[in-house]
Amino acid sequence: MSAAMLGAVTPTTTYYLILSALLFGIGAAGLMIRRNPLIMFMCIELMLNAVNLSFVALAVRFGNIDGQTAVFFVMVVAAAEVVVGLGLIISLLKRRPGANADDLAELRG
Amino acid sequence: MELLVFILASAMVLAGGLGVVLRSNPVHAALSLVLTLFGVAVHFVALEAHFLAAVQIIVYAGAIVVLFLFVIMLLGVDKSEDLSIEPFPIQRPVAIVIGAAVAGLVIAAVVRARDTIAETDTPLAADGDSNIQLLARNLFSDHVFAFEFTSILLIVAVAGTVVLTRKDKRKVEQ
């Protein structure tokens with residue numbers, strides 16, 4: 001592909017949605033593959049980012065700023081979720097270093 | 001030019017995503033996450049969502065990933081885990097199939113609906129307002145109650161985390 005062709009084709013909304021689907025698939029697979037709770041949280045962040053990307057792409061496509069407002073709220077909720085989740089992980093790993101997701105049952109009671 | 005930016009940023013996003021899943025060292029995984037977040041921020045700039053690009057860098061790369069790294073260092077779990085151990089032998093193939101199926105189904109739906117998402121350009125800032133002004137007007141008029149509720153959410157999250165991780169002194173003394 002020549003440089004002129006690269007300049008002629010502009011990425012469309014479909015491109016962004018496909019990228020978003022790929023990123024979401026990577027995050028979902030990672031969440032099921034990995035057993036370290038920290039990495040599982042990072043995979044959830046990947047999935048949230050994939051959805052954010054599709055929100056922004058569609059907001060631009062339809063000329064509606066509501067999509068970008070939704071991304072703003074997703075970021076706030078993600079921050080709150082990470083704080084609570086890392087608190088849980090700290091209290092789990094202080095009790096038992098090297099624990100994996102199955103050991104979260106220990107936190108009961 | 002725009003396609004070149006798209007390709008480079010997409011490469012960053014996908015390489016970072018694969019890095020998070022495949023790197024065995026949690027610190028490397030967190031740094032791969034930073035790569036993904038920067039790639040998404042580049043996409044936001046390309047889509048003219050300038051405010052969200054800045055927030056993406058400040059909140060995600062600046063705060064959330066630093067929090068991850070802080071926990072990794074605090075707990076001393078920054079050594080590589082052995083990824084060759086599989087407690088359930090069927091888990092990984094099934095997970096990969098499910099992830100590929102989710103991505104494939106969504107891509108099929110998007111490709112099928114590409115005529116509905118007709119590729120016309122309707123720029124958001126048509127009336128000359130910048131992206132930040134549009135976003136602020138929308139956020140503080142239509143969504144002002146949701147905005148106030150997020151402050152309650154943040155307070156509850158912070159207070160809950162403090163209660164969760166604090167040592168209960170009364171129990172220790174008994």
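Predicted model: local features only at pLDDT ≥ 70, side-chain atom pairs only at ≥ 80, totals over all residues.
How many salt bridges are counted between chain B and chain A? The count is zero, although the rule does find ten residue pairs in polar contact across the interface of the two chains, with both residues of each pair at pLDDT 80 or more.

**The interface as a whole**
- The contact between the chains takes 79 residues from chain B and 69 residues from chain A.
- The size of an interface is often given as the accessible area lost when the parts come together.
- For chain B and chain A the buried area is about 6,800 Å², and carbon and sulfur atoms give 79% of this area.

**The side of chain B that touches chain A**
- The elements of chain B that give two or more residues to this side are helix 1 (2-22), helix 2 (26-46), helix 3 (50-75), helix 4 (91-112), helix 5 (131-139) and helix 6 (144-165).
- Helix 1 of chain B provides the largest share of this side, with 13 residues.
- Sorted by class, the side of chain B that touches chain A has 57 nonpolar, 16 polar and six charged residues.

**One residue of chain A**
- T14(A) counts as buried because its relative accessible area is 7%, and the cut-off for buried is under 20%.
- Although T14(A) and L58(A) are 44 residues apart along the chain, their C-alpha atoms are separated by 9.4 Å.

Notes
Residues numbered from 1 in each chain as written. Chains lettered and ligands numbered in written order. Heavy atoms only, no water. Buried < 20%, exposed > 50% of the residue type's maximum accessible area, 1.4 Å probe, protein only. Contact = heavy atoms within 4.5 Å. Buried area = accessible area lost by both parts, 1.4 Å probe. Salt bridge = Lys/Arg side-chain N within 4 Å of Asp/Glu carboxyl O. Polar contact = N/O pair within 3.5 Å; in protein donor to acceptor, adjacent residues only side chain to side chain. Helix = DSSP H or I, 4+ residues; strand = E, 2+ residues; numbered from the N terminus. Nonpolar A, V, L, I, M, F, W, Y, C, P; charged D, E, K, R; others polar.
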